[in-house]
Amino acid sequence: MNEDGSLSISNVMKEFKDLKDKFKTDDYEAPPSPYAFLEKATVLQEARVFHDPKAVREDPRQCCVVITKIIHLIANGHPLTSNEVTDVFFGVTKLFMSDDASLRRMVYLFIKEVAEACNPDDVIIVTQSLSKDMASDADLYRANAIRVLTRIVDAAMLGAIERYVKQAIVDQHPLVATAALVSATHLFSKSPECAAIVRRWVSETTKATESPYEMVQYHAMLLLYQIRMHDRLGVSKLVTQASQRSSTRSPMATVLLVRYTSKLLIDEIACGQGGSQVYKTGYQFLEMSLRHKSELVVYEAARAICSMPGIEPSDLTPAISCLQLLLASPKPAVRFGSMKILSAVSQVHPRIVSKCNDDLEALIGDPNRSIATLAITTLLKTGSENAVDRLMKQISSFMAEINDEYKITVVNSIQQLCLQYPAKHRVLVGFLSNFLREEGGFEFKKAITDAIVHLMDAAPETTESSLFHLCEFIEDCEFTMLSTRILHLIGNIGPTTSAPGRYVRFVYNRVILENPAVRAASVSALAKFAAKVPSLRLSIVTLLNKSLSDEDDETRDRAAVALVIIEKSIEENPYVIPLEDDENPAEDVPVPGDSASYLLLEPLPMSFDQLSLSIKSYMAAPHALSSPEPMTLSALPIVETVQDPLVDSKTTGAGPSAPLDGENAKNAAEPADPAAAVYAVPDLNALGRVFRSTKTVALTESETEYVVSCVKHIYEEYIVLQFKVQNTIDDQRLENVTVCMEVDNPDVFEVTGEIPAESIGYGETKNCFVLLQRKPNAALCPLNFNCELHFTVQQVDPASGESEGDTYPEEYVLECLEILTSDFMAKVNVGGFRGSWEKIGSGNEVLEKFALQFKSVEEALTAVISFLGMQPCDGTGTVKATNNGKPHMLHLSGVFVGNISVMVRAQVAEDPKGNGVTLKIAVRSDDAAVCRMVADCIH
């Protein structure tokens, strides 16, 4: 009350709040559910009321409650037994005598929910009652009866009620027609037999598409397409006829028609019929749909036009204009959908979308953060160079309000913008570095770091400023992985900058203040500075000496090794400080042959895993350990790059995360040496070490009586062919098994030896060998061998395996065996492709251009890698999803027999005239003949 005793609004609200708090209780509990403690026996006892005609007529509500209880029991894991189901279904048939609408709807619900889990013989009990309702005069009964009956009938019973369903499809009442159409859609997917019956309802469904009711048109269009979806001509006729008539009133049906038209046009383009009459009619319908009164139809038509492959930018203008109008829609879903399409189009045609920039800037403040993020990323793709500064200011306030997921999307767009406008790299890199010092998770900080590093590679002028920002970031970085990665980057790039000494302070601070992993990475980075910059070696030695007492073993060991190498290099090549008046001072770089530069900077020619496998292969070779020659890196055998383990998991049927026991894990980690079978044969020991072994090649079908496959073991002057022979006939034993070979070009290889398999019993697989020797000075080239399996058959008793009867010689023709140039090529990856490519030089380079008959760049890429038998480098073995029809660059490396390194650069692009794929290839090697052979592998 006020001083005068009158009431005010604030006083009333205060008293109301006090009254509410007075009666408020903290231990308030919601009332329990009436179905929480049901017992099945009690409920089934209550279900006996179904058999009482008087109770059914006078108290239908009680029957509804009992049905609800039964459904609740079944839904909560209390299924009914077969006898209980039969009793309940008999009782439910008695409920059809009631005319109560609520009870009838509960009966329909019960049958639909329970029938699929019951015995089909029990379901037949209610079929007659449902059929009677399907012919009823009450539209509600007819619609629900059709829905339920079509869920429980099979193809045999469907034929009996087909006439009623067809009549219902063209019924005047929309509830009945929609129920029949939806039921027909479910029946079509139920079984092939039911689908065959539904296909006979085309005329009724076509008539239903002209219904005045929108929902009936929608379901009729859906069913009609489902019937004709595998008939290309039928779909074309459906789209053409429906797009030319104006009776389609339903926006949902029109949306379906737009989608079907879009798919038809894409198929027409894929078949090379982009100028057909069907295509023109369909495209005209899409353009006409852009003027539809429904936002849904306009959006779908614009999306269909924008997703059309190979569409010209000028043809996108009407769709972009419509999407621009939809950006002002009050519905968030419409704005988001339109924004998503514009964002996708901006990746390919940013100029077309740039006319929407004013509308996009208005969406930066949209309360829906997904829409705002899409607007910003699209603006970063379409904005002009003059608008970059203004955009950065708008984004700065926006970034603090969104989650890390959206921030990462913005960071990726800023990275692309910096590549598009290199002159703005200082503004953009500065913007990214500011957010490195803000709050954020690991993925967000990693995205910014990746973007800055990528910009350093793409725009070298950003290197020093970007590196300085990263140095400042690691001062307060809380993520060990990012700190170690940046320290590694500083160690590689810092010594090459104009003032390498200023980065040493940032690195040494990490040695003092950080955890053991970062300290160890800092020591390695300091060692790289000393290796690359002789003038800093004495200072760095002083700093590294302090790490010799570090508590971490790894840090201490790295410092000790680095100090020994650096101090030895200082003794061998002491640094001379240039005079102040020296006009041409010597460059601050290591002298040729500097030991510190070689030991600390040059990487191993293979990874540690490959080194381990190579040493094991070296030890497995005959007489390797007794050889007087020292075991050097150059003397180790070539180890090919292991394929992706995900591929192996698919072929073996085990997922990538399938658990392995101890033995399987060891086998998975250490792949078996394919040359072990050759080393086990004493007669082949004199050949020495195998250069490489190819994959197994099948020479017969797997279902034949004799299954034969071959592995080619490549030497510098020989080829050992290991034939694996399996006997699948239970009453035969094969003896003295050999493979007779006839070469089509005897000037290159000749057969100089055979090692037969003495005996192969039923179910056994054994090896026989053929030795091919290369003739002196013969050039390698692809060869074909006609192969024939020769053996002696010994009849045996299938039960005991004892010999029976006489022996007789037998021959079995095998498939032709090919020896390709790629068989002599080992797949070996190189750490830095660009440096290795430049190191080989262009003295023996071979350039070729080919026209390949492949449908896509992906297929051509796979074929080229297979033809050459080399290892893709730098992730160029697959086409990126964002390639958008641009030429794809492929980098390949390998080692040819004789330890000859080979490198290939290839450009794979679609032919502009649509005639397959164009391949431009460059091959480099120290051997000109090898370059020519590799280039000739393309066919």
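D874 lies in the loop between β14 (871-872) and β15 (888-896), where helices (H or I, at least four residues) and strands (E, at least two) are DSSP runs, numbered from the N terminus. Phi of D874 is near 55°, a positive value in a residue other than glycine. This is a predicted model, in which local features need pLDDT of at least 70 and side-chain atom pairs count only at pLDDT 80 or more, while totals for chains, interfaces and linings use all residues. Residues are numbered from 1 along each chain as its sequence is written, and side-chain values use heavy atoms, with hydrogens and water left out.

**Backbone in loops**
- Most residues other than glycine have a negative phi.
- N899, in the loop between β15 and β16 (900-910), also has a positive phi, near 55°.
- N899 is partly exposed, at 47% relative accessible area; buried means under 20%, exposed over 50%, and partly exposed in between (1.4 Å probe, protein chains only).

**Whole chain**
- The chain contains 40 helices and 17 strands.
- Buried residues make up 44% of the 939 in the chain.
- Of the contacts (heavy atoms within 4.5 Å) with a separation of 6 or more, 64% involve residues 24 or more positions apart.
- The accessible surface of the chain is about 49700 Å², with 52% belonging to carbon and sulfur atoms; the areas come from the Shrake-Rupley method with a 1.4 Å probe, and for residues only the protein chains shown count as cover.

**Helix α31**
- The buried residues in helix α31 (residues 537-545) include R537, I540, V541, L543 and L544.
- These residues are on the same side of α31 because they cover an arc of only 165° around the axis, the arc being that of the directions from the helix axis to the C-beta atoms.
- Their cover includes α29 (501-513), α30 (516-532), α32 (553-572) and α33 (595-601).

**Q794 in strand β9**
- Q794 belongs to strand β9 (residues 783-796) and is buried, with a relative accessible area of 8%.
- The side chain of Q794 reaches the backbone oxygen of E804 at 3.4 Å.
- Apart from neighbours within four places in sequence, Q794 is in contact with D731, Q732, R733, E735, S803, E804, G805 and T807.

**Cysteines**
- The whole structure has 0 disulfides, a disulfide being a pair of cysteine sulfur atoms within 2.5 Å.
- C64 is in no disulfide, and the nearest cysteine sulfur, that of C63, is 7.0 Å away.
- C64 counts as buried at 13% relative accessibility, and C931 counts as buried at 0%.

Conventions. Polar contact = N/O pair within 3.5 Å; in protein donor to acceptor, adjacent residues only side chain to side chain.
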